[in-house]
Amino acid sequence: MDNATFRSFLQVLPPVEFACVYGSSLHPSNHDKTTMTDYILGVSDPKQWHSENLKLNKHHYASWMVHLGGESLITGVADRIGVGVHFNPFVTWNGKLFKYGVVQMHDLLQDVQYWEKFYLCGRLQKPVHIVVDNLDVNSTNSVNLRAAVSAALLLLPSEFTEEDLYAKVCSLSYTGDIRMLFAEDKNKVKKIVTGQFDLFHSMYKPFLEEYEAKKLLRLSSTANNQIHATQDCDLSVACALVSALPPSIRSQISKNGELTETGRVIHDTKVSAREVAANCLQRILRQRVMVSSARQAISGLLAVGGVNATRYLSKKVSKAWRSWR
């Protein structure tokens, strides 16, 4: 699909502050007409937005939510049970399938900058196609991408390829995701990276060059024009990487040890060893992703209603089982 098609679907919805397309519809090789096109929509007031959308597109919602509480129930389930995002899947328009998730702009920006729930920030660490961006989320997301690179480098060995880096970045938001246990393709990360490699490259190349200029990385080109990287695994590099992580992550890492070799404190974060920081980071992200994915799974099943929930789950589980066979 092209940008005009992505934008045209939004014309049937109330206005939004931010819209991006993510997922398999961005794969250059994906010509499957049955693939759902996935959107994240940022709005200033979700309750007001859903109220308007119910007048325009009541059929997008589960009937029980429409009849029992309307916009108040929709936002209540999203905020109190889920992580603030309400999804409407299996929306048919112009012979194509769409799914859109609606979130308050404040919540979107908080997750992108601070990794509070590590849900939407994970979506935006992977390639997306931005359709509407009234508040310049694309610029704000650079903080998220830099932190993702730093996290991935902490978890990678001293030598790795460009593909290894993108796979590690991609896996950050799947570590601990309960869907990976039964409802996701076990080769999902590899398929995302290989299918969207050029998009990952254009997203992360500026940060690789930035880290090379800071002497945190040494980059060289392989025969097939991929980047091969080496990094020092000493304490000073670990501290520099930790300093680029969101504040709450840094403070949790600081509780696991002090930076005894140099006596320096980087952004209030004390690190005794790179391995300690890496293990702590992995535990923090796994816990956040596990909680968010569980909450969103329950919220999502309630939001889509019985028939669509069964349809959605069977599609996911079928794909997962094929990958395990």
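Visitor: What residues does Q296 touch, not counting those up to four places away in sequence?

Guide: In this predicted model, whose residues are numbered from 1 along each chain as its sequence is written, local features need pLDDT of at least 70, side-chain atom pairs count only at pLDDT 80 or more, and totals for chains, interfaces and linings use all residues. Side-chain values use heavy atoms, with hydrogens and water left out. Q296 touches G82, V83, V85, F87 and Y119, a contact being heavy atoms within 4.5 Å. Q296 itself lies in helix α14, helices (H or I, at least four residues) and strands (E, at least two) being DSSP runs numbered from the N terminus.

Visitor: Why is Q296 called buried?

Guide: Buried means under 20% relative accessible area, exposed over 50%, and partly exposed in between (1.4 Å probe, protein chains only). Q296 has 6%, and is therefore buried.

Visitor: Why is L68 counted as exposed?

Guide: L68, in helix α3, has a relative accessibility of 66% and therefore counts as exposed.

Visitor: What makes up the nonpolar surface patch?

Guide: W64, L68, I81, I298 and L302 form the patch, which covers about 450 Å². Patch residues have over 30% relative accessible area and no salt bridge, with nonpolar side chains (Val, Leu, Ile, Met, Phe, Trp, Tyr) joined within 5 Å and like charges within 9 Å. A salt bridge would be a side-chain nitrogen of Lys or Arg within 4 Å of a carboxyl oxygen of Asp or Glu. Helices α3 (63-68) and α14 (274-324) each supply at least two residues of the patch.

Visitor: Why does D136 count as partly exposed?

Guide: D136 has 40% relative accessibility, so D136 counts as partly exposed. This residue sits in the loop between β5 (128-133) and α7; D136 is not a glycine, yet has a positive phi of about 55 degrees.

Visitor: At what angle do helices α7 and α11 pack?

Guide: Helix α7 (residues 137-155) and helix α11 (residues 197-213) pack at about 65 degrees, with axes 10 Å apart. Axes are lines fitted to C-alpha atoms over the stretch in contact, and angles run from 0 to 180 degrees between N-to-C directions. The contact includes L145 and V149 of α7 and F207 and Y211 of α11.

Definitions and conventions: Accessible areas come from the Shrake-Rupley method with a 1.4 Å probe; for residues, only the protein chains shown count as cover.
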